[in-house]
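Work through the two exercises below with the model in view. Try each task before reading its solution.

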Amino acid sequence: QSNLPREFTEKYWISRKIGSGVCGEVKLAFERDTCKKVAVKTINKKDFPSIGTATRNAEREIEILKKIDHPCLIKTEDFFQTDESYYIVLELMEGGELFDRVKAKKQLDESIAKLYFYQMLLAVKYLHSQGIIHRDLKPENVLLASDNDICLIKITDFNQSKILEETSLMRTLCGTPTYLAPEVFTDAVTVGYGRAVDCWSLGVLLFVCLGGYPPFHTEGTDMSVREQITQGCYRFLPSKWDCISEQAKNLVKKLLVVDPKKRLTIEEALQHPWMQDKQMKTTAFKIMYPGGQAPSEGDTPSTSRKRPLDDQEQPP
Ligand SMILES: C/C(=N\NC(=N)NO)c1ccc(NC(=O)Nc2ccc(/C(C)=N/N/C(N)=N/O)cc2)cc1
């Protein structure tokens with residue numbers, strides 16, 4: 001237990017470990033004044049290869065955590081740091097990690113998987129609209145608000161996230177290419193598909209929620225996981241997938257596409273037939289905006305409804 005900053009222990013009482021990540025752990029804590037439960041993520045600076053990356057990584061993550069505002073993205077309450085660790089105080093998601101829920105349930109009911117996946121799509125759509133790529137979407141980083149099946153989910157852990165900013169390539173391609181080498185143009189064709197990595201991960205997440213096992217794994221095949229992924233080689237085991245709709249399988253297939261240019265985007269996934277489910281959206285809407293006020297496209301949630309609601313978060 002590294003020594004906690006005094007101003008932290010004055011405000012919070014640390015309890016037990018509730019989750020563990022690769023570069024730190026999550027503890028339950030209580031805000032002394034209010035007895036409110038919170039989660040505290042500790043990020044050890046020493047665990048990184050070079051000290052430089054640790055600080056830059058954590059500071060970028062803290063910048064992202066402060067900037068984001070969506071019902072399906074984790075909210076932070078406080079930050080502290082010592083010379084050996086960062087401490088991020090977050091809202092406590094009482095239902096814990098999706099990873100443990102899927103493990104406990106073996107596989108999720110299709111309707112529940114759809115409700116969670118819809119919320120994940122809206123959360124990642126918001127991140128992409130803010131020029132943020134998550135890059136580490138997995139069941140451990142999807143948290144559940146309660147132990148009920150019908151519940152709000154929130155995406156967390158922006159340690160691997162990237163903020164898209166203007167690049168020197170953009171500035172180069174704006175100028176006159178008199179002296180520009182051909183490979184600068186040919187290399188440029190793949191630029192702008194960084195968001196597609198999140199769509200692949202969401203495909204893996206959906207596969208795991210529905211099937212209860214990962215599409216790319218070590219046992220039962222002589223192909224390395226890397227080969228399975230680069231060749232897009234996975235199977236819908238009949239014993240697990242026979243009870244799942246063709247539309248759900250179709251959405252998985254269209255996300256687990258090796259060529260990022262052919263892979264579904266978030267927008268296209270939101271338009272997929274499996275997502276056209278008014279009842280699910282009504283439930284999602286009620287969970288995400290219990291006060292009944294959803295923000296219109298783009299601007300921050302406002303109480304007055306100036307313009308028609310954003311089509312994706314439109315109440316059905
Ligand atoms: C209620 C409960 N457990 N209840 C119980 N009885 N457990 O026994 C519970 C609640 C929450 C969690 N997880 C959780 O909160 N994760 C989490 C993971 C990552 C991050 C962040 C910001 N990461 N940023 C970085 N840089 N990472 O490396 C934040 C939160 C686990 C169990």
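The model is predicted, so local features need pLDDT of at least 70, side-chain atom pairs count only at pLDDT 80 or more, and totals for chains, interfaces and linings use all residues. Residues are numbered from 1 along each chain as its sequence is written, and side-chain values use heavy atoms, without hydrogens and water.

**Exercise 1.** Describe how helix H4 packs with helix H7.

*Solution.* 
- Locate the helices: H4 spans residues 110-129 and H7 spans residues 196-211. Helices (H or I, at least four residues) and strands (E, at least two) are DSSP runs, numbered from the N terminus.
- Take the geometry: the angle is about 165 degrees, and the axes lie 10 Å apart. Axes are lines fitted to C-alpha atoms, for helices over the stretch in contact, and angles run from 0 to 180 degrees between N-to-C directions.
- Classify: H4 and H7 are therefore roughly antiparallel (an angle over 145 degrees).
- List contacts (heavy atoms within 4.5 Å): H4 residues including Phe 117 and Met 120 meet H7 residues including Leu 202 and Leu 205.

**Exercise 2.** Which strands pair with E5, and is E5 enclosed or open?

*Solution.* 
- Find the partners: E3 (residues 37-44) joins E5 by seven bridges, antiparallel. E4 (residues 76-81) joins E5 by five bridges, also antiparallel. Pairing takes at least two DSSP bridges.
- Asp 78 stands opposite Val 89 in E5.
- Judge burial: seven of the seven residues of E5 (residues 85-91) are buried, so E5 is largely enclosed by the rest of the structure. Buried means under 20% relative accessible area (1.4 Å probe, protein chains only).

Technical notes: Angles under 35 degrees count as roughly parallel, over 145 as roughly antiparallel, 65 to 115 as roughly perpendicular and the rest as oblique. Buried means under 20% relative accessible area, exposed over 50%, partly exposed in between (1.4 Å probe, protein chains only).
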